[in-house]
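Here is a short note to read alongside the structure. Please keep the viewer open and turn to each spot as it comes up.

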2 protein chains.
Amino acid sequence: MRIEPPELKRRMNRLKARLRRSGVKLTHQRLEIFREVAKSLDHPDVETVFSGVRRRIPTISLDTVYRTLWLLIDFGLLTTLGPPRGRVRLDANMSSHHHFICRKCGMTRDFLNHKFDRLKIPNTVKALGSVESTQIEVRGICFRCSKKNKQKYRVQRKKEKK
Amino acid sequence: MRIEPPELKRRMNRLKARLRRSGVKLTHQRLEIFREVAKSLDHPDVETVFSGVRRRIPTISLDTVYRTLWLLIDFGLLTTLGPPRGRVRLDANMSSHHHFICRKCGMTRDFLNHKFDRLKIPNTVKALGSVESTQIEVRGICFRCSKKNKQKYRVQRKKEKK
DNA sequence: TTCCTATATAGTTATTATTATTAAATAAGA
DNA sequence: TCTTATTTAATAATAATAACTATATAGGAA
């Protein structure tokens with residue numbers, strides 16, 4: 001399923017503004033990789049993005065796709081479904097609970113909140129399949145990672161001074 | 001972080017009842033693999049489960065861990081965080097929206113619901129890190145997969161008759 | 001515009017995660 | 001205890017992701 005053209009254009013403009021502002025090069029490859037994700041409503045995997053972009057840039061390499069996707073994720077222009085990085089994570093708690101997920105390192109913590117249990121599911125969702133559970137996913141950056149980011153930033157500042 | 005012993009015991013009992021009822025063998029390995037996931041609150045990855053179990057069963061193979069985990073997931077005794085199977089899935093929609101995820105095939109569909117936007121995040125969650133977004137994750141089985149399951153079941157019934 | 005240079009890319013190789021295969025071992029019913 | 005279908009360990013195969021390096025390019029300076 002495809003997104004509406006005006007919304008796609010908005011997303012492309014946001015990408016360009018953001019990359020320029022950050023002093024990161026605005027390459028053809030980056031634009032096309034972003035476009036491939038941004039135009040779709042089905043949350044493609046990396047392989048799908050790769051073959052989609054390859055139709056327009058036949059020489060693109062898979063490595064570039066991965067590198068670019070992580071870059072865009074780092075800039076907050078894309079996200080992954082669930083925790084970042086491809087690794088299965090298990091959960092044995094089958095009763096109602098919710099998650100905080102760090103979008104940098106994948107750290108996940110449970111929390112309980114009775115207000116969040118028993119949310120009414122819209123019928124449009126029930127039309128997609130049988131519903132088994134509902135949970136809140138709060139995403140953000142854990143304190144450990146935000147500390148790390150600050151350090152990274154400090155180091156870069158030092159480098160610039162040299 | 002560890003779970004409370006009585007809750008762990010409850011989970012172990014549920015596992016045993018469920019496997020017996022399904023006519024699946026209740027092996028030492030299966031018990032220990034489940035216990036390793038069930039006792040933890042941090043949602044371990046497969047490697048972590050493997051090395052944890054290996055302390056008690058030094059000869060366990062990684063393959064057994066994978067096979068067992070998927071079996072337990074299939075029986076609804078465990079789940080994965082996010083979509084099943086280890087593959088990064090992308091999302092370019094950075095504004096508020098929610099997901100239905102099929103726990104069999106990973107099919108993911110967006111939906112909007114303004115009631116779900118702006119849920120009040122408890123302070124205990126804010127203590128974990130900076131919150132960037134909040135979304136609902138509805139999990140279940142999509143119609144395509146539930147059809148497939150029925151077919152599988154029909155085939156098994158036929159085999160039994162022979 | 002043309003040139004320069006830091007940064008990004010393609011192509012390839014390496015690493016890590018997951019799945020398949022098969023001979024030997026074992027749980028659970030007779 | 002015996003039997004047999006299932007399960008396992010060990011290994012090999014495949015798939016997903018990341019690293020490496022010589023070449024190419026975006027974007028600022030002249």
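1. A phosphate oxygen of DNA strand D is 3.1 Å from an N or O atom in the side chain of Arg67(B). Helices here are DSSP runs of H or I with at least four residues, strands are runs of E with at least two, and both are numbered from the N terminus.

2. Before going further, a word on the ground rules. This is a predicted model, in which local features need pLDDT of at least 70 and side-chain atom pairs count only at pLDDT 80 or more, while totals for chains, interfaces and linings use all residues. Residues are numbered from 1 along each chain as its sequence is written, chains are lettered from A and ligands numbered from 1 in the order in which they are written, and side-chain values use heavy atoms, with hydrogens and water left out.

3. How many residues surround DNA strand D? There are 22, and the closest are Tyr66(A), Trp70(A), Thr27(B), Thr64(B) and Arg87(B). Sugar and phosphate make up 69% of the atoms of DNA strand D that come within 4 Å of the protein. A residue is near a strand or molecule if one of its heavy atoms lies within 4 Å of it. The largest share of this surface, 4 residues, is given by α4(A). By class, the surface has 7 nonpolar, 7 polar and 8 charged residues. In this scheme Ala, Val, Leu, Ile, Met, Phe, Trp, Tyr, Cys and Pro are nonpolar, Asp, Glu, Lys and Arg are charged, and the others, Gly among them, are polar.

4. Now turn to DNA strand C. Around it are 22 residues, of which Thr27(A), Thr64(A), Arg87(A), Tyr66(B) and Trp70(B) come nearest. Sugar or phosphate holds 70% of the atoms of DNA strand C within 4 Å of the protein, and bases hold the rest. The surface near DNA strand C takes the most from α4(B), with 4 residues.

5. The two chains also meet each other. In chain A, 65 residues are in contact (heavy atoms within 4.5 Å) with 65 residues of chain B. About 5,900 Å² is buried between chain A and chain B, with carbon and sulfur atoms giving 61%. Buried area is the accessible area (1.4 Å probe) that two parts lose on being put together, summed over both. His43(A), Leu81(A) and Leu90(A) supply 13% of the area that chain A buries against chain B, more than any other three residues.

6. Which salt bridge is worth a look between Arg109(A) and Asp42(B)? Their side chains meet at 3.9 Å, N to O. The rule, a side-chain nitrogen of Lys or Arg within 4 Å of a carboxyl oxygen of Asp or Glu, finds 3 salt bridges across the interface of chain A and chain B. Strand β5 (residues 129-142) of chain A gives the largest share, 14 residues, of the side of chain A that touches chain B.

7. Is Thr108(A) buried or exposed? Thr108(A) counts as buried because its relative accessibility is 1%; buried means under 20% relative accessible area, exposed over 50%, and partly exposed in between (1.4 Å probe, protein chains only). Thr108(A) lies in strand β4 (residues 108-111) of chain A. Leaving out residues up to four places away in sequence, Thr108(A) touches residues of both chains, including His99(A), Phe100(A), Asp42(B) and His43(B).

8. Finally, Glu36(A) sits in helix α2 of chain A and is buried, with a relative accessible area of 9%. Apart from neighbours within four places in sequence, Glu36(A) is in contact with Val49(A), Gly52(A), Val53(A) and Arg56(A).

Key: A polar contact is a pair of N or O atoms within 3.5 Å; within protein, one must be able to donate a hydrogen and the other to accept it, and residues adjacent in sequence count only if both atoms are side-chain atoms.
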